[in-house]
Amino acid sequence: MSRHITSLLAIAAVTVALTPAIAQAAPTKPKKTEPVDCSQVKCLALTFDDGPGKYAGKLLDTLKKYNAKATFFLEGQYVHARPAYVKRMAQEGHELGNHSYTHPNFTNLEPEAIRSEIQKTQDAVKKASGVTPTLLRPPYGMADTQVSDVAAEFGMPMILWTAGSRDWATKNVKEIQKQTLSVAQPNGIILMHDWVKQTVDGMPSLIKTLQAKGYHLVTVSEVIKDENLQPGDIFPEPAGWDEK
């Protein structure tokens, strides 16, 4: 047998021997996250307003690391400025909501101006991510029957919050963590902001603590799934809302 043929046979033998090892080393696809039943387990929705802020990338890294989901109530002007973050939010399973285009007080506007603020943001989010928001958070949480009527035209309920982190006021990591932990409750909706650096910096420790307390960090839609909200409804309902 020639040296050439011997060499080819040796190479073939080595290739066959290595094939199982190579196949065994191939990466496996990540398992899909099972849906959470918030009537059976402790759920909490972390929501981030006014973004995407300039720290959104770091926040998304943290959420991904700890397999936590969030809802981002986006301002159209920042969606336009930072579309890549919006696309990534959608791709990684977070919920995208509408928080107006320029953050005016809707109760001071005429209906057509409210419509414009909402529609421009709907268009911007859809262009950036392919997703059309189904939830509206009016700026400052300010709404009245006129705002409700316009929200209904878009088929969206309005989402407020059960408690706030006060991150915009304190801008202190420890205070933000302390406040958030003190107001966390099953099926709660927490108001936060991804433009507050201290919020983003403190998020790894906060998420670990919440998860250690048994909370599943989910989207708003998962928390409100059993509320049967209709377009134009507001949740949680503010005191005196039914009198408006």
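The questions and answers below concern parts of a predicted model.

Q: At what angle do helix 8 and helix 9 pack, and which word describes the arrangement: parallel, antiparallel, perpendicular or oblique?
A: Helix 8 covers residues 173–183 and helix 9 covers residues 197–212, with their axes 9 Å apart. The packing angle is about 40 degrees. Angles under 35 degrees count as roughly parallel and those from 65 to 115 as roughly perpendicular. The two helices are therefore oblique to each other.

Q: Is the crossing of helix 8 and helix 9 left-handed or right-handed, and which residues of helix 8 make the contact?
A: The crossing of these two helices is right-handed. On the helix 9 side, the contact is made by Q198, T199, D201, G202, S205, L206, T209 and L210. On the helix 8 side, the residues are V173, I176, Q177, T180 and L181.

Q: How do the residues of the contact of helix 8 with helix 9 divide into nonpolar, polar and charged?
A: Gly counts as polar in this division. The contact residues comprise one charged, five nonpolar and seven polar.

Q: Which residue just after helix 4 takes a positive phi?
A: Helix 4 runs over residues 83–91. Just after this helix, a positive phi of about 85 degrees is found at G93.

Q: Leaving aside its neighbours within four places in sequence, what is R88 in contact with?
A: R88 is found in helix 4, where it is buried. R88 and A56 are 32 residues apart in sequence, with their C-alpha atoms 9.9 Å apart in space. Apart from neighbours within four places, R88 is in contact with G57, L60 and D61.

Q: Is S100 buried or exposed, and what is its relative accessible area?
A: S100 lies in the loop between strand 3 and helix 5. Beyond its neighbours within four places in sequence, S100 is in contact with L74, E75, G76, F106, E117, T121 and P139. Buried means under 20% relative accessible area. S100 is therefore buried, as its relative accessible area is 0%.

Notes. Residues are numbered from 1 along each chain as its sequence is written. This is a predicted model: local features need pLDDT of at least 70, side-chain atom pairs count only at pLDDT 80 or more; totals for chains, interfaces and linings use all residues. Side-chain values use heavy atoms; hydrogens and water are left out. Axes are lines fitted to C-alpha atoms, for helices over the stretch in contact, and angles run from 0 to 180 degrees between N-to-C directions. Helices (H or I, at least four residues) and strands (E, at least two) are DSSP runs, numbered from the N terminus. Angles under 35 degrees count as roughly parallel, over 145 as roughly antiparallel, 65 to 115 as roughly perpendicular and the rest as oblique. A crossing is left-handed if the near helix is turned anticlockwise from the far one by less than a right angle, and right-handed if clockwise. Contact means heavy atoms within 4.5 Å. Buried means under 20% relative accessible area, exposed over 50%, partly exposed in between (1.4 Å probe, protein chains only).
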